[in-house]
Amino acid sequence: MGKVSVIMPVYNGEKTIRKAVASLLLQSYEDWELVIVNDGSTDRTKDIIDSLCDNRIKVVHLKKNMGRGYARGIALEHVSGEYLAYLDADDMMHKEKLMSEVEVLENDKKIMLVFHLQSKKWYEM
């Protein structure tokens, strides 16, 4: 199955980014990379993401805030996976999210986009 590139733009996300990254680290599907673009944060976000110790995580620091769209574009320049997923710094993924999406994409090559409508909180699943 193919690698998933997860992109995460972040601006002043010190309060939530640890949980967002933790939800990715807990994925049952382990063939992923995370590209975090720090969009000129002025809080402790830079220190937090620089302390992450996983070789699947790439970090890009922008000197000033350019906006979420710009940061996502920068992230796309650094991906190497076959598939793409988005994870904002204030969101979390269910532990089976990547596995279930990759299975759908691998099993039917006519499908080009998969998304989940969340009806329960991630921790209730």
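Predicted model: local features only at pLDDT ≥ 70, side-chain atom pairs only at ≥ 80, totals over all residues.

Me: Where do Asp50 and Lys46 lie?

Reply: Both sit in helix 2, 4 residues apart, which is about one turn of the helix. An α-helix has 3.6 residues a turn, so residues three or four places apart point the same way.

Me: Why are Asp50 and Lys46 called partly exposed?

Reply: Buried means under 20% relative accessible area and exposed means over 50%, with partly exposed in between. Asp50 has 40%, so it counts as partly exposed. Lys46 has 38%, so the label is partly exposed here too.

Me: How do you know that Glu106 and Lys109 form a salt bridge?

Reply: Their side chains meet at 3.9 Å, N to O, and the limit is 4 Å, so the pair counts. As for accessibility, Glu106 is at 24% and therefore partly exposed, while Lys109 is at 58% and therefore exposed.

Me: What does the salt bridge of Asp88 and Arg72 tie together?

Reply: The closest N and O atoms of Asp88 and Arg72 are 2.9 Å apart. Asp88 lies in the loop between strand 4 and helix 4, and Arg72 lies in helix 3 (residues 68-76), so the pair ties together parts that are 16 residues apart in sequence. Asp88 has 14% relative accessibility, so it counts as buried, whereas Arg72 has 24% and so counts as partly exposed.

Me: Now for the inside. Why is Val21 called buried?

Reply: The cut-off for buried is under 20%, and Val21 has 3% relative accessibility, so it counts as buried. Val21 is found in helix 1. Leaving out residues up to four places away in sequence, Val21 touches Met8, Leu34, Ile36, Leu52 and Ile57.

Me: What makes a group of residues a nonpolar core?

Reply: A core is a set of buried residues of nonpolar kinds, such as Val, Leu, Ile and Met, joined through side-chain atoms within 4.5 Å. The largest one here has 24 residues, and those with the most contacts inside it are Val4, Val6, Met8, Ile17, Leu34, Ile36 and Leu98. Strand 1 (4-10), helix 1 (17-25), strand 2 (32-39), helix 2 (45-50), strand 4 and helix 4 (97-107) each give two or more residues to this core. Apart from it lies another core, of 8 residues, including Val60, Leu62, Ala71 and Ala75.

Me: Which residues of helix 4 are buried, and what do they pack against?

Reply: Leu98, Met99, Glu101, Val102 and Leu105 are buried in helix 4. The buried residues of this helix pack against strand 1, helix 1, strand 2 and strand 4.

Me: Which residues form a nonpolar patch on the surface?

Reply: Leu76, Leu84 and Tyr86, with about 290 Å² of accessible area together. To join a patch, a residue needs over 30% relative accessible area. Tyr86, in strand 4 (residues 83-86), has 47%, so it counts as partly exposed.

Me: Last one: how do you know that the chain is as compact as a globular protein of that length?

Reply: First, its makeup: there are 4 helices and 4 strands, following the pattern β-α-β-α-β-α-β-α along the sequence. The radius of gyration is 14 Å, close to the 14 Å that the globule rule gives for 125 residues, so the chain is as compact as a globular protein of that length. Buried residues make up 38% of the 125 residues.

Definitions and conventions: Residues numbered from 1 in each chain as written. Heavy atoms only, no water. Patch = residues over 30% accessible without salt bridge, like charges linked within 9 Å, V, L, I, M, F, W, Y side chains within 5 Å. Areas by Shrake-Rupley, 256 points an atom, 1.4 Å probe, with all protein chains shown as cover. Buried < 20%, exposed > 50% of the residue type's maximum accessible area, 1.4 Å probe, protein only. Contact = heavy atoms within 4.5 Å. Rg over C-alpha atoms; globule rule 2.2 N^0.38 Å.
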